[in-house]
Structures are given as C-alpha cells and as structure tokens.
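Hi,

Here is the structure I said I'd pass on. Have a look, and my notes on the strands and their partners follow below.

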Amino acid sequence: MRQEHFDISGMTCSACSRRVHQAAAALDGVREANVNLLKNRLTVSFDERAVSANDVAAAVEKAGYGAALRNGQARAIAAPTEDPAIAELRAMKVRLGLSFLFTVPLFYLAMGHMAGLPLPGFFLGAQNAAAFAFTQLLLTVPVVAVNFKYYRVGFKTLFAGAPNMDSLIALGSGAAVVFSVYTVYKMLFALGAPAGGDHLAIAYHYAESLYFESAAMILTLITLGKFFEARAKGKTSEALTKLMNLAPKTATVRRAGREEEIPLEEVRVGDALVVKAGAGAPVDGVIIEGAGFLDESALTGESLPVEKKAGDAVTGATINTAGHFVMRAERVGDDTTLAQIIKLVDEATSSQAPIARLADRISGVFVPVVIAVALGAAAAWLALGHDLEFALTIGISVLVISCPCALGLATPTAIMVGTGRGAVFGILLKSAQAIETAQSVDTVVLDKTGTVTEGRPAVTEIVPAEGLSEAELLAAAYSLEKLSEHPLGKAIVAEAEKRGLAARPVEDFAQIPGQGLAGSLDGRRILAGNARIFSEAAAGQAWLEQGEALADEGRTVLYFTRDNEPLGLIAVADPIKKTSRQAVAELRALGLDVVMLTGDNRRTAEAVRRRLGLERALAEVLPQDKEREIRALQSAGRRVAMVGDGVNDAPALARAEVGLALGAGTDIAIESADIVLMKSDPLDVAAAIQLSRAVMRNIRQNLFWAFFYNVVGIPVAAGVFYGLWGLTLSPMLAAAAMSLSSVSVVSNALRLRSFAPRRLTADENIDEPAAGTCAANSSVSNTSAIERKHIMKKNIHIEGMNCGHCTASVDKALRALAGVGEVAVDLGTKAATVEAGAGVTDDALRKAVTDLGFSVTGID
C-alpha cells in the first residue's frame, strides 16, 4: 500500500472537495482518499499494482481540477522555497487592488447621481446615454479580466457536471454582464431610430437599467472576502510553521579535528556536532562531551531548561541556553523527533473528521439545488407579472448569496488550529477522527507503571535503628545490595551513589532462597530481605509493624539485621508522579470515570488507588489481558480512552476508542495510540480531552452558522418576504453577505488559538486522601510514614546563583535527596526553602548544593 499527497488547484468550496474525493475514490485500487479544502491537498492511499499516482492525477484533472504530486511532503525541516499560500495571497492582493481601482469609479458613475453626487456633464442627459453606458462597460472589462478565474473554473466544473461556488459566481455575475451588454445594444438601436418620437428617452431608460456595477461589485466583494479568508487561513497553520522553523538551517560538525559549518541536510548519522550556548541542537543524538541546559519548551511545553551531560539524549531543535557540548548525531532528516512531530500534525490536519461528512453530503447537491432555486425564483416572479429586471435581480442574488464555501471550511479550519494549538502544549493529535472521538469518551483507563508512576523503583523511606544514622544504614545496605542484580537492590545502590556513599567489602556473600541476602561486613553478619529475616530477630515484631504500615502505602519493604539485631528498614516504591493526583481530579471534574489498570498485587494497587483518589483499580492484570479489560468496559456501554506507555499497552491502546501514549514511552505504544503526550505528564490527558471538546464545539458552531446563513439568506434573496415586507437583496449585498459568511467561519476557528487547558485550583475538587493515606502530590510524600509528623522547614543561604539555570539546578539537586519534600529557590534572596523529614541533615543539604559549585553561607 502506497500513500501520496497531491496539491489540488481550482477548489473553492465543499462541493469541489467532494468532487475531487469522488474522482480519486472511484479508481480501482484506491483504498482511502482524503481531501483538505483548507490546504488544497488530496491524500490518497492506493495499491500501486492496480493504480498509479499519474492515474489519480488524471482522474482529478478529468473532474475539472488541477493535480500536482507533492514531493517530499514529509521532509518537514527542509525550508520550502516559498509557501504556495503566500504566493496565492500576494497574487490575490494584486487582483483585489485592480478590482477596486476600476469598481469604485464604476460604482460612482452608476449609482452616484442617485445619492445626489455630482457627475461630469458629458455623462448627463439622454443625449449622452451612449457615453454613460460605454464608460461603464469599459470599466467593467478589466474587473472581469483580472477575476476571470471564477469564469474559467466555474464553467469548467459546470460543464463537467460538478458545479461549485465559482459556478454560482460565474453564472450570477455573467448573467449581469450579458444582460447589460444586451441592454446596451437595445440602447444603440433606440438611438439609431429615426428622428422624432421618444427614442432618446427610451435610450436613457436602457442606460439606467444596466447591471455592470453589480457584476463588478460581485466579483470585487467576492475577491475581498477570499482575500480576508486567505489571510485568516494562513494564521490557522501558524503553529505548524513555527515548528518547521525551529530547527537550525546549518550545523557545526567536527571532522578530523576541525570544525566546519554545513547545511542541515548534509548531517549524517555518527557525525560529531558542536552545539554552543544560544544555538539549537541540529538533530537528535547523544552528548559525548561537555554539558548544557536545554530549553525543550517548543517541543514539550516544559518551561524550565533541562540539564544535559555526557551520555544524555538530546532532541533536535531544542535550544542550548547555557554550556557547550559535542553530540553524536543518531537520527537525522525525517527520522528526527521534530520531523515526526511535524508529520503527525500535518497528517492530522489533512485527515477528515466524521462530522465533516454531513457537510460533504449536503455540498454534493447544494450547488445544483441553488441553480434550480435561482431559475425557479426568477421564473416565478416573471409569471407573477414582474419585469425581467426584477426577476434577473432575484436570480442573480440567489446565485451569489449561496455559500457552500462556509460549509467546506467549517471543519478543516477548526481541525488545523486545534492540532496546532495542541502541538504548542506538547499534545500531538494524530488524526481528526481522534479529536472527534476523544470528546465523547466517558471512561479513562490509566496504566499504572510509567503513566501515573515514574516507572522506576526508588528509595522512599530509610528508617535506621536507634543509634544509627540514615547514612550508616544505607551504606551497609549498599555494600550488600551492590552484589545483587535484584531491581529493588538497584534502587538502593542508586540512592547510595547519589549520596556519595562508598561500598565496603563483603565476605561470605550468599543469597537465601525465599528470604534475601546474607554476608559479613566488618566481621559482623548482615542479613537483608523480606519480613522472614526478622522472625528470629530481637524486638523484630515492632519493626514488622512499622514495615506493615509502609506496605499498606504501597511500599516494598527491605529489612536489615546485624548479628540478629534489627539494623533498620528501607522502603522502595515506584514513586507516584507529582501531577497524577491532580490529573485524576481534573478528569473527574470533566465528568469522566477514571480506572487504574496494573499488573501489581492488590495491596500495592489499593495503596496507589487511595493516594490518587480513585474509586476503582484493576489489579494483577497480566499484560496480555489489558486489551480484554478494555473490551469488557466497552461491552458494558463505556466509551474508553486508554493511557499507557509500554509495549504491553499497545493492544489496549489500539482497542480503546482513543489511545493516548506518553512521549517517553515505547515506539510501539506511540504507533498504536491516537494521541501522543510529549511531556509524559498525566495532566495532559485532561488537557487533550479539553482541547478535543473545544475543537468539536467550534466545529458545531461553524456548521450551525453556515447552515443558518444559507437557510435564512436564500429565501430572502429569492424574494419570499417581498410580498410581506417588500424585502429583497441586491446582488451587491448578496455578494458581501456571501464573503462575510466564509470570513466569519474562519475567524471563529481562529478563536481556538487562545485555548489553554483549565487547571483546578488548590481549593477546587482536589480532595485530600482518606485518613491514614498519603497524598500522591503531598509535598512530603517521600518522607517516612513514621516520621511524617516531624517535618522541618529549613532555609539555605546560597552564594553564586546568578540566573534561572542556577536556581533550576539547585532545585533539582535538593529534591533528589531522600526525605526532602517541597523546595522553593529564590534568586532574589539567594536562598532555598526546604521542607524535609527529621532524617535529612544539614550536611546532606549543604553537600547537595556545594557539589554544584555554589557556596552555602548558612542553614537555619
């Protein structure tokens, strides 16, 4: 199966897009065809064994439109020579200027005397009727010439049996011109009549019955509306354009010990690229030397720069705000994260939402019906005894006021702005269908590991025996666990190394099946493992009760003894993300049921459920059974959104009505999902649903006004209310109203550019957890359950901080300490305020700061 993109010329309304779709979809071998009126693009998926791209282009051209294969559309970061929309807007501006140049004097000449405005004497009086009429004709010809596109496209599609908006304009203005030329000839015949009689009066009457100004004004006002519409449509793709402009156009590469600047397109995998302060990372890669603070806000929405050092991954188009490093290029061209993001956004804006099919079905018969109504109305008024001029005015007004263009723009404009706005917040909507489906879900299923939790075990509590410090207990545990490959042991090793502790040699190391580890440290026997090792330890029962309290909160507790005496305990858990509890609260505030899905045991799942404020959690679900659980919810009548990040989440993501994958997740999860959350923040689940609801609300508003406009406008133009109130529309007012309808639809869609996710305030529906539980977003969630009432607040006075990067690094270092909860670093006062458990010493705080190169002048 092959997919190609075509630039389509000649489309002006939803009838056009429907005709192009039908032409492409009718070919044997075409599996799917999507037409985007806003972008004038056709996307076709087809079996190249049965049909070729040239066949598709030929079918579209046969339908009356131009089709050009779009080469390299996915090459997102290669700068185009010129945006076609900009070139079209520039040409339209010229057309508009020339149109007004001739239409204004024409309108003054034809209508000015009715308003009492002065006219040159050679245009006044019956004897000058010929000069009056021919001047109008001469002023009309340039306006028709510069806007001849309406006639060329309109009559071409009309004769092809697929009339569109241009057909209505061509018929309406063309009828006015033809009738006026016919009237000019009648005037000439009157002037050529034998002297005597009232031939001059008849000629003057004909001169007063011309419609040249109506034809010119129709074309000019329609072009004015198209100009405003094109300008507004250009703003709908601003977010995508900004993404395209993120990547630097050149890269500094180090080759044979020399640095040289090369075009971005010449960067190859494995190249060593130099990134200086203030420069952007050209492609995706890994730092091999140096360090820097990278601003990733354009891709993830994260406002604070992220510190990166040797071995860390770097994403292309992120800005190095401070530092200097060399990176190895690993993904270049279309494989970079930025190129993939642009591709996703571009594909989403090119897809069609199911709601748009209603407009397509209507537009398929709209123009022929309007032509029939215009002819019928004109004929009816003639039959009722009105003159040809009145009937012609009615017919032209009906043709001109009808607007399938507004119907065609209602959906794609909102989709374009919405997907672009989502990209700004790190929410990538992969299709228009995902937007429409996401707004209707009623249940959100959250995978636990990696979605609501960090996805990696970490030490959460260290409780030493009396007379021991945290550091002493952790050092003993580190020495023993360093010899083990157990994941929980690795969490202890990581914590000890983060604190700068040293491992001591262990003798007689052994693993005890079903219990844990054993070894001799400094001649004393150390045991580490589960509760069984305390069964024979003195005073072991008290420690077991403390361990049970921690286990009830979802911790896995490791017990330690020395010579059969309790040494202490260390609790390890997969920490809950700081925003998870608020995310659950926001989803519930949106009226959604939230369910957690996990393979963990029921005790851990219950603890996490309580801490998140959830009503329901499904525990001990095997990876292969996640998709079955989603099916069970759907069979109960639920519309489900699944949020996950792992390989084992992919089937569930695909099964759900909407799948949301975290950007930090696996490639297969991202591929299976409909929406990608680049920041991997559970709060963005609620933001994505809010955005989808805002987009769909905007689409419904657009469709309502497009339908309402036609339902009201066409009867008024047809003279339905003429008998009651004498109400009709002149062709000029009809043209202005038609232009206004399209502009109003696009302008309404542009309101989505101000969309921002609504966040709950601290006192708004974020309930405190039940008694005996720990809030997931509690500022002291990693302090001991036993010592939680002994929280201390300390102020650290720091010298050497000079910018936001300094405060960010201090904040990160202090939060990394076990037992530290809330941290606030103030650059103005050169101080950091820390809330911490009693086990956090001043020395540990001081070391965390001084290791960064700053000085601590005091702690109080």
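First, a term: two strands count as paired if DSSP finds at least two bridges between them. Helices (H or I, at least four residues) and strands (E, at least two) are DSSP runs, numbered from the N terminus.

Keep in mind that this is a predicted model, where local features need pLDDT of at least 70, side-chain atom pairs count only at pLDDT 80 or more, and totals for chains, interfaces and linings use all residues. Residues are numbered from 1 along each chain as its sequence is written, and side-chain values use heavy atoms, with hydrogens and water left out.

Start with strand 1 (residues 2-9). Six bridges tie strand 1 to strand 3 (residues 41-46) in the antiparallel sense, and Phe6 sits opposite Leu42 there. Strand 1 also runs antiparallel to strand 4 (residues 66-69), with four bridges; in strand 4, Leu69 is the residue opposite Phe6.

Further along, seven strands form an open sheet with mixed pairing, in the order 12-24-23-22-13-20-21. Its edges are strand 12 (427-429) and strand 21 (616-618), each pairing on one side only. From one strand to the next, the twist averages 20° (axes are lines fitted to C-alpha atoms, for helices over the stretch in contact, and angles run from 0 to 180 degrees between N-to-C directions; contact means heavy atoms within 4.5 Å).

Within that sheet, strand 13 (residues 443-447) and strand 22 (residues 640-644) run parallel, joined by four bridges. Leu446 faces Val643 of strand 22. Helix 22 (residues 626-635) lies across strands 13, 20 (593-597), 21 and 22, at about 160° to strand 22.

Cheers
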